[in-house]
Amino acid sequence: MSKLPLHRAAAPLAGAVWLALSCALSASAAHAAEAAPAAGRGAAAQAFQIPPGPLGPALSQFAGAAGIVLSFDAQLTDGRRTPGLSGRYTVEQGLDALLAGSGLRATRDTRGNYGLQAAPASAAPAAGAVAQLGSIEVTGNQLGDITEGTGSYTSGTIATSTRIVLTPRETPQSLSVVTRQEMDDFNLTSIDKVMEHTPGVTITTFDSERTVYWSRGFAINNFQYDGIPMQRNSAYSAGNTLSDMAIYDRVEVLKGATGLLTGAGDPGATINLVRKRPTREFQGHVSAGVGTYDTYRGELDVSGPLNASGSVRARAVAAYEDKHSHLDNYRRRTPVFYGVLEADLTSDTLLTIGADYQNNTPRGSTWGGIPLFDSEGNFNRTSRSYSPAARWSNWEQYTRTAFATLEHNFANDWVVKLQLNHQINGYDAQLGSIGAGNPNPADGSGTSLWLGEYIGKTVSDAADVYASGPFELFGRKHELVLGGSIAKRHWTNTGYGPGAYDGTVADFYGWNGDVPEPVWSAPYENEETTHERGVYAAGRWNLRDDLKVITGGRWARYRNAEQGQDESGVFVPYAGVVYDLNRNFSLYGSYTGIFNPQSAQDEAGRTLDPLEGKSLEAGMKAEFFDGRVNGSLAYFRIKQDNYAEATGGTTPSGGVAYRAVDGVTTRGFEATLSGEVLPNWQVHAGYTHQVSRLDSERVSTEDPSNQFSLYTTYRLSGALRGLTLGGGARWQGKTWADVSNPVHGTVEHRMASRWLFDAMARYEFDRHLSATLSVENLFDKKYYTLMSFYNTYSWGTPRTVLLNLRYQF
């Protein structure tokens with residue numbers, strides 16, 4: 001029997017695995033629903049018989065009998081007991097009675113699910129007291145449900161696609177979320193590590209300070225911070241891919257085109273980093289970590305009310321990391337600060353103001369990686385510790401952000417929100433790294449340093465205002481969002497050359513980075529200002545109880561005078577449909593768009609129309625256990641039109657002339673699953689297959705056609721109570737690219753498929769103190785990534801270990 005190619009064999013396998021898991025979960029959920037009486041918010045009283053004893057098991061028994069979702073950290077209930085229940089109670093009365101005297105109280109989120117948190121000392125009822133549940137802690141906002149404290153690997157609601165707050169199942173696009181719990185479990189302290197856990201996203205390392213993320217054949221340069229768009233310039237990196245995770249509640253990755261809210265950009269995906277928010281109860285933690293390659297990290301996070309009523313709340317986060325690397329002579333220091341304040345101006349009006357600050361100060365920064373070939377045309381293999389950088393080489397990147405939001409809720413369930421954002425992304429780089437030439441294997445001659453100094457920043461100001469809420473039409477209730485945004489980005493850059501210093505390296509193989517820094521000279525200036533404006537609208541039409549349709553669009557204006565770009569009246573469409581098959585499964589489809597202005601000109605000197613990204617997606621979504629598990633199976637097709645292809649002629653000014661052609665088309669499918677598939681067992685998994693083509697030729701081949709990821713943890717019970725074990729696996733198929741070989745000319749360079757494995761273990765000594773050990777690249781796999789257009793490569797990170805001690809208060 002002939003063997004199927006890997007991607008053909010994997011496609012039905014991935015679908016079968018997803019379907020099997022979905023059916024099993026569906027059956028389990030249906031069984032639980034049949035066994036549990038209908039109860040929950042607003043339900044009538046029912047009879048309970050729960051004996052006195054340990055609080056945790058009693059709460060689990062109550063939740064099963066009442067038919068509610070009750071999630072809590074086992075640390076909260078350790079050592080606590082309950083007087084039990086005997087009689088008829090509503091859900092709220094039963095929870096209050098079980099928690100009487102425990103110092104805990106129940107909270108309920110926007111979906112009707114329950115959790116636990118410490119009660120104020122004055123609010124703890126006396127033992128045996130039965131009372132109505134007090135004020136309900138809202139764990140969601142117009143950005144979606146907060147994941148901190150849920151203990152979950154799946155999200156509640158999100159608003160990244162349309163500003164309408166929807167569950168993953170209600171959102172007609174693929175979405176991956178890395179929650180606060182997953183970040184804490186695996187010590188995901190950087191955005192690079194978060195992206196490694198995100199299904200359908202791959203990472204290419206350019207050098208020690210730059211990585212590029214890929215999704216569906218396109219680089220991801222669209223970032224959002226609390227929903228406010230920001231575009232990254234990867235050539236002049238200024239902090240986006242070095243973001244520390246200490247200040248964020250979750251990271252959302254919305255796949256496909258996202259022009260409704262982002263306006264301009266690429267059609268692969270958008271990354272939304274959602275910041276932590278203040279809490280109504282005092283809480284916090286302090287942690288300290290130590291790891292491989294002299295890595296040291298400390299973190300402090302304090303949150304709570306500033307007045308007796310809790311109407312004013314604040315949160316402060318500080319983190320500091322000092323780490324070396326597997327690269328010789330490399331070190332990076334990263335201080336992070338974040339402060340945010342919330343004030344209930346009235347019972348319906350919320351003001352939020354905040355600021356964050358991060359510096360990334362390295363020494364020994366590489367620039368472009370290691371030359372790919374030696375002078376004889378062979379792969380230029382070095383040790384993983386080899387650094388082509390001069391000791392003085394550095395690429396400092398920093399971010400400074402101030403933001404404010406004002407949100408008012410009306411009695412008719414409408415909300416109006418104004419969001420303001422001021423952000424500075426800057427860099428100060430003096431760079432020297434061996435990138436030019438090809439070393440002679442005999443004596444190490446033949447290479448030289450790339451040299452340059454670059455100092456610059458992008459100052460971004462953005463404002464977004466929208467109104468959202470329900471309305472009735474033809475006897476049914478629908479939802480509408482109407483908004484507008486304005487943004488200005490001003491980039492300035494000063495570049496310097498190395499003067500008379502030619503950067504020749506005498507011996508590549510004997511290199512240790514000890515060369516003097518040149519006297520920088522011959523400065524030049526860059527300056528660009530980009531203006532974006534847009535109005536947008538989206539409606540969610542409730543055609544039937546089981547059928548919802550979303551329609552909308554954005555009218556956009558984009559102007560960059562320095563690049564000769566001025567686009568107005570650009571319409572970016574959005575359409576989606578979700579049909580519920582039953583209580584667990586839905587079919588969905590969507591059509592979304594995005595555009596990206598370009599400066600390329602044709603032979604007549606006319607600027608080409610913007611690149612237009614269009615994304616079609618269809619599939620099935622699943623939700624189990626009232627949202628504690630989410631799954632999706634999607635087919636997608638993304639096309640980018642008006643791609644600039646060189647004509648061979650010139651523009652009137654003598655530049656290279658281009659014509660617009662149909663661009664890159666990506667087709668593929670993706671299967672994902674996330675959440676608590678069984679009690680205490682969290683899973684985040686995904687498989688993606690994709691192929692990108694331009695005029696029938698494969699392109700974007702450095703983004704693998706097939707990739708798989710699985711991360712999971714299990715909290716043990718019984719004699720091993722307090723111990724959580726977990727692990728992860730990442731696989732990607734082979735990749736390749738055309739590169740320049742000094743002997744053979746243009747050749748295709750291939751990199752083999754690879755597996756990488758991670759592991760973690762956490763032990764909770766009590767409800768305050770825990771220790772987490774995480775291991776990345778468990779089996780020390782040796783691999784590298786390619787920067788094909790510069791013919792350089794970078795070794796992947798070897799096995800690293802981090803031990804983190806955390807005290808929760």
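A residue is called buried here when its relative accessible area is under 20%, exposed when that area is over 50%, and partly exposed in between, with a 1.4 Å probe and protein chains only. Helices (H or I, at least four residues) and strands (E, at least two) are DSSP runs, numbered from the N terminus. In helix α4, the residues V91, E92, G94, L95, D96, A97, L98 and L99 are buried. Because eight of the nine residues of α4 (residues 91–99) are buried, this helix is largely enclosed by the rest of the structure. After α4 comes G101, whose phi is positive, near 75°.

The model is a predicted one, in which local features need pLDDT of at least 70 and side-chain atom pairs count only at pLDDT 80 or more, while totals for chains, interfaces and linings use all residues. Residues are numbered from 1 along each chain as its sequence is written, and side-chain values use heavy atoms, with hydrogens and water left out.

Taken as a whole, the protein has seven helices and 48 strands. Its C-alpha trace spans about 85 × 65 × 60 Å along the principal axes. The radius of gyration, taken over C-alpha atoms, is compared with a globule rule of 2.2 Å times the number of residues to the power 0.38; for 809 residues a compact globule would have a value near 28 Å, and the 27 Å of the protein agrees with this. Of these 809 residues, 56% count as buried. Where contact means heavy atoms within 4.5 Å, residues 24 or more positions apart account for 67% of the contacts with a separation of 6 or more. Accessible areas come from the Shrake-Rupley method with a 1.4 Å probe, and for residues only the protein chains shown count as cover; the protein exposes about 32,400 Å², of which carbon and sulfur atoms supply 56%.

On that surface, L345, L406, F410, V416, L418, L420 and V465 form a nonpolar patch, with about 540 Å² of accessible area together. Patches are made of residues with over 30% relative accessible area and no salt bridge, like charges being joined within 9 Å and nonpolar side chains (Val, Leu, Ile, Met, Phe, Trp, Tyr) within 5 Å; a salt bridge is a side-chain nitrogen of Lys or Arg within 4 Å of a carboxyl oxygen of Asp or Glu. Strand β25 (residues 415–437) gives the largest share of the nonpolar patch, three residues. L406, another member of the patch, is placed in strand β24 (residues 394–409) and is partly exposed, with a relative accessible area of 37%.

The aromatic side chains come next. A pair of aromatic rings is described by the distance of the centres and the angle of the planes. Rings of Phe, Tyr and Trp (its six-membered ring) pair if their centres lie within 6.5 Å, and planes under 30 degrees apart count as stacked, over 60 as edge-to-face and the rest as tilted. By this rule the count comes to 28 aromatic pairs. The rings of F471 and W541 are edge-to-face, because their centres are 5.6 Å apart and their planes stand at 85°. Since F471 lies in strand β26 (residues 447–473) and W541 in strand β29 (residues 521–544), this pair ties together parts that are 70 residues apart in sequence.

F757 counts as partly exposed at 30% relative accessibility, whereas F779 counts as exposed at 59%. The loop between β45 and β46 also holds L778, which touches F757, A759 and R799, not counting residues up to four places away in sequence. L778 is partly exposed, with a relative accessible area of 27%. Elsewhere, ring pairs link Y236, W367, Y427, Y454 and W491 into a cluster.

Finally, the backbone deserves a look. Most residues other than glycine have a negative phi, and most peptide bonds are trans. R163, in the loop between β9 (144–145) and β10 (175–178), has a positive phi near 75° and is buried, with a relative accessible area of 6%. D695, in the loop between β38 (681–694) and β39 (697–698), has a positive phi near 50° but is exposed, with a relative accessible area of 52%.
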